[in-house]
Amino acid sequence: MRLHIADHPLIAHKLTVLRDRDTHSATFRQLVDELVTLLAYEATRHVSTTEIAINTPVAPTVGKRISEPRPIVVPVLRAGLGMLEGMTRLLPTAEVGFLGMKRDEKTLEVETYANRLPEDLAGRQCFVLDPMLATGHTMVAATKYLFDRGAKDVTCVCLLAAPEGLKVLEEFVGDRADVTVVVASVDERLNEKSYIVPGLGDAGDRLYGIVD
């Protein structure tokens with residue numbers, strides 16, 4: 001498993017505003033969208049392309065286009081939905097699948113309540129979107145869904161990660177597939193409630209409000 005921390009002044013600035021507890025939801029949503037577009041640039045650095053012959057207004061040449069089968073972007077609901085537009089803005093030809101997952105706050109186990117993915121993902125580059133890689137359990141469950149459908153090339157795009165979650169994901173992945181994690185920051189640790197410290201709070205609640 002590879003880890004890429006996107007070290008850029010604009011990313012650092014936007015992440016600082018996201019962390020601020022006084023940042024309102026509307027601003028938070030806009031900044032997530034902008035930040036994900038910057039992360040997507042790094043996440044798609046090795047997207048597969050094929051050569052294609054074209055004619056410019058001046059002369060024939062050979063360019064590149066995104067290969068078939070098209071990449072698939074998989075936001076983990078609900079918080080990952082806030083990252084979707086920022087990702088597809090940079091990768092508009094990608095298909096979109098969905099995984100609905102939630103964590104039991106007492107057991108910390110992940111429950112999958114919805115999925116919309118092709119049955120066969122062999123040969124597809126998959127991009128999983130989830131703002132927080134905390135305990136790692138949700139990302140493990142999401143990547144397992146992809147692996148079970150034949151995926152071998154998975155990139156996880158997250159705003160923040162905790163060292164504990166990265167370790168859990170790395171241990172799960174092993175040599176099963178080619179997995180990359182792209183984040184804006186790896187924070188210090190998890191607290192007793194499994195929140196990332198210093199983190200930015202509950203990304204879903206800050207994007208969409210609190211739902212009982």
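T155 touches A43, C126, F127, V128, T180 and V182, leaving out residues up to four places away in sequence. Touching, or contact, means heavy atoms within 4.5 Å. This is a predicted model: local features need pLDDT of at least 70, side-chain atom pairs count only at pLDDT 80 or more, and totals for chains, interfaces and linings use all residues. Residues are numbered from 1 along each chain as its sequence is written, and side-chain values use heavy atoms, with hydrogens and water left out.

**T155 and its strand**

- T155 sits in strand β10, residues 153–161. Strands (E, at least two residues) and helices (H or I, at least four) are DSSP runs, numbered from the N terminus.
- T155 is buried, at 7% relative accessible area. Buried means under 20% relative accessible area, exposed over 50%, and partly exposed in between, with a 1.4 Å probe and protein chains only.
- T155 and C126 are 29 residues apart in sequence. Their C-alpha atoms are 6.2 Å apart in space.

**The whole chain**

- The protein chain has six helices and 13 strands.
- A compact globule of 212 residues would have a radius of gyration near 17 Å; the protein chain has 18 Å, which agrees. The radius is taken over C-alpha atoms, and the globule rule is 2.2 Å times the number of residues to the power 0.38.
- Along the principal axes, the C-alpha atoms fill a box of roughly 60 × 35 × 30 Å.
- Of the 212 residues, 45% count as buried.
- Take the contacts in the protein chain with a separation of 6 or more: residues 24 or more positions apart account for 70% of them.
- The protein chain exposes about 11,300 Å², and carbon and sulfur atoms supply 51% of that area. Accessible areas come from the Shrake-Rupley method with a 1.4 Å probe; for residues, only the protein chains shown count as cover.
- The chain has 24 positive and 30 negative charges, and their mean positions are 2 Å apart. Lys and Arg count as positive and Asp and Glu as negative, while His and the chain ends are not counted. Each charge is placed at NZ of Lys, CZ of Arg, CG of Asp or CD of Glu.

**Helix α4**

- Helix α4 covers residues 137–148. At 1.5 Å a residue, its twelve residues should span 16 Å; the end C-alpha atoms are 16 Å apart, which agrees. The expected span is 1.5 Å times one less than the number of residues.
- The buried residues of α4 are T138, M139, V140, A141, A142, T143, L146 and F147.
- An α-helix has 3.6 residues a turn, so residues three or four places apart point the same way.
- Just after α4, G150 takes a positive phi of about 95 degrees.

**V179**

- V179 is in strand β11, residues 178–186.
- V179 is buried, with a relative accessible area of 1%.
- Not counting residues up to four places away in sequence, V179 touches M1, R2, F147, V154, C156 and V173. F147 is one of the buried residues of α4.
- V179 and F127 are 52 residues apart along the chain, and 9.9 Å separates their C-alpha atoms.

- L84 is in helix α3 and counts as buried, at 15% relative accessibility.
- Leaving aside neighbours within four places in sequence, L84 is in contact with V73, P75, V96, F98 and L129.
- L84 and V74 are ten residues apart in sequence and 8.3 Å apart, C-alpha to C-alpha.
- P163 is in helix α5, residues 163–173. P163 is partly exposed, with a relative accessible area of 35%.
- Leaving aside neighbours within four places in sequence, P163 is in contact with V186, D187, E188 and R189.
- P163 and K64 are 99 residues apart along the chain, and their C-alpha atoms are separated by 37 Å.

**Backbone points to check**

- Most residues other than glycine have a negative phi, and most peptide bonds are trans.
- A cis peptide bond joins L77 and R78, with omega about 5 degrees. R78 is in the loop between β4 (72–77) and α3 (84–90).
- The bond from V197 to P198 is also cis, and omega is near 0 degrees. P198 lies in the loop between β13 (196–197) and α6 (203–208).
- S194, a residue other than glycine, has a positive phi near 65 degrees. S194 is in the loop between β12 (189–190) and β13. S194 is buried, with a relative accessible area of 11%.
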